[in-house]
Amino acid sequence: GNVAHGLGVEPSMIITKRRDATENWPVYHTSTGSSQYAYLDHTQAFSSATSVWQGVDPTSSVFSIGSSGTTNASGGTYISYVFANTDGYLKAGSYTGNGNADGTFVYTGHRPSFLLIKRTDANGTNWWIFDNKRSTFNVVNDGLITNGSDAEFADNSSLLIDFLSNGFKVRNTYGDLNTSGANHIFLSLADQPAKFSNAR
């Protein structure tokens, strides 16, 4: 099937949840493609399956769903959060870790207010959330995970990230966030939604 999204541009990330039955939260990300998925509530690596997103890339008007109960059970009801890259507002992309405390700088085109990061190529890795409300200045080191019931990882020396005027910089060697040579995806929402923003 196809689902109209109304954005007028191709989505860069989709999160879907079935509302009338127990199912996981499948995620589509432009960096991994429509033949792969991972669950927002699990620690698995991205896996190949056309039953979730049908192996068909989203268009400017619709995204595709396969036969999986997580996206398209007969009679099931769903909600989807659909994000499109927008200069100065939102960026879904990827970066390669370097395994160094002087980590990768990732360009977003805005100063982040909310950042979601996931390593894509290894099982047992978390989905990490960072934001500028809990960590009000650099370094950002208060993390939450979406795939567990853990309390906040507050002032954690393994979770050091800088929010910069045009992106973010990983300042840790933690495997979930900065494994050398590994692919990590992210979703970043802007602090000051505009084409240009000031340093923090």
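Reader: Where does Val 139 lie?

Author: Val 139 lies in the loop between β11 (127-131) and β12 (144-145). Helices here are DSSP runs of H or I with at least four residues, strands are runs of E with at least two, and both are numbered from the N terminus. The peptide bond from Asn 138 to Val 139 is cis, with omega near 0 degrees. This is a predicted model, in which local features need pLDDT of at least 70 and side-chain atom pairs count only at pLDDT 80 or more, while totals for chains, interfaces and linings use all residues. Residues are numbered from 1 along each chain as its sequence is written, and side-chain values use heavy atoms, with hydrogens and water left out.

Reader: Why is Asp 87 called exposed?

Author: The term buried applies under 20% relative accessible area, exposed over 50%, and partly exposed in between, with a 1.4 Å probe and protein chains only. Asp 87 has 59% relative accessibility and therefore counts as exposed. Its place is the loop between β7 (78-83) and β8 (90-96).

Reader: Why does Gln 54 count as partly exposed?

Author: The relative accessibility of Gln 54 is 34%, so the residue falls in the partly exposed class. Gln 54 is in the loop between α1 (50-53) and β6 (62-64), and its phi is near 70 degrees, a positive value in a residue other than glycine.

Reader: What makes Asp 155 exposed?

Author: Asp 155 reaches 61% relative accessibility and hence counts as exposed. Phi of Asp 155 is also positive, near 45 degrees, and the residue belongs to the loop between β12 and β13 (161-164).

Reader: How many aromatic pairs are there, and by what rule are they assigned?

Author: Rings of Phe, Tyr and Trp (its six-membered ring) pair if their centres lie within 6.5 Å; planes under 30 degrees apart count as stacked, over 60 as edge-to-face and the rest as tilted. The count by this rule is nine aromatic pairs.

Reader: Why is the pair of Tyr 95 and Phe 168 called edge-to-face?

Author: The ring centres of Tyr 95 and Phe 168 are 5.9 Å apart and the planes stand at 80 degrees, so the pair is edge-to-face. Because Tyr 95 lies in strand β8 and Phe 168 in strand β14 (residues 167-170), the pair ties together parts 73 residues apart in sequence. Both Tyr 95 and Phe 168 are buried.

Reader: What makes Trp 128 and Tyr 174 an edge-to-face pair?

Author: Their ring centres are 6.0 Å apart and their planes are at 75 degrees, so Trp 128 and Tyr 174 form an edge-to-face pair. Trp 128 is buried, at 2% relative accessible area, whereas Tyr 174, at 28%, counts as partly exposed.
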